[in-house]
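Here is a colleague's note for a student who is learning to read a protein model. Please keep the sequence and the structure open while going through the points.

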Amino acid sequence: MNQFQQKEGIYTTFSKEKIRLSRNLSYGRKAICINNKWGFVDSKGSIIIKPQYDLVYDFNSKATAVLKNHKWHVIDRYGKDVSNLAFDYFGAFINNKAKVILNNKYNFIDQNGKLENQIWILLFHLKNQPK
């Protein structure tokens, strides 16, 4: 198992491969970028999710969104795709829900990968209209 050690802001493997590290530890995971592909390490620096994504959000509880081949997916803290759906757009999780576009339609998805019904979208837009 590869592990990463911090030295002067750059993380290196034992083979001296340079990587970039994203934001702070979030729910036990840190995003890393190796050769322009993103993955995640745990708090000890062990790779948990192999770098394979074009872009990632930080974990927000038990799931996050990742971009691969121009489509967004929802994965759990171990890299399992929990929705088995590919989205054209993915907003950040807020209150355990994220706005997504699937087949040119807006939806909400929860952190378990379940799509919410369309009424949530209407309620969200009505609630968040400027006064």
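1. Aspartate 88 is partly exposed, with a relative accessible area of 38%; here buried means under 20% relative accessible area, exposed means over 50%, and partly exposed lies in between, computed with a 1.4 Å probe on protein chains only. This is a predicted model, in which local features need pLDDT of at least 70 and side-chain atom pairs count only at pLDDT 80 or more, while totals for chains, interfaces and linings use all residues. Residues are numbered from 1 along each chain as its sequence is written, and side-chain values use heavy atoms, with hydrogens and water left out.

2. The partner of aspartate 88 is lysine 71, and their side chains meet in a salt bridge at 2.3 Å, N to O; the term stands for a side-chain nitrogen of Lys or Arg within 4 Å of a carboxyl oxygen of Asp or Glu. Aspartate 88 sits in the loop between strand S9 (71–76) and strand S10 (89–90), whereas lysine 71 belongs to strand S9, so the pair ties together parts that are 17 residues apart in sequence. Helices (H or I, at least four residues) and strands (E, at least two) are DSSP runs, numbered from the N terminus. Lysine 71 is also partly exposed, at a relative accessible area of 29%.

3. How many salt bridges does the structure hold? There are three, and another of them joins the side chains of lysine 97 and glutamate 116 at 3.6 Å, N to O. Lysine 97 lies in strand S11 (residues 97–102) and glutamate 116 in the loop between strand S12 (105–110) and helix H1 (119–127), so this pair links parts that are 19 residues apart in sequence. Glutamate 116 counts as buried, with 15% relative accessibility.

4. A salt bridge is also formed by the side chains of lysine 37 and aspartate 54, at 2.5 Å, N to O. Because lysine 37 is in strand S5 (residues 37–41) and aspartate 54 is in the loop between strand S6 (47–53) and strand S7 (55–56), the pair ties together parts that are 17 residues apart in sequence. Lysine 37 is partly exposed at 32% relative accessible area, and aspartate 54 is partly exposed at 30%.

5. Three strands form an open sheet in the order S10-S11-S12, with antiparallel pairing; two strands pair if DSSP finds at least two bridges between them. S10 and S12 stand at the edges with a single partner strand each, so one side of each has no neighbour in the sheet. Six bridges join S11 to S12, and leucine 102 stands opposite lysine 105 in S12.
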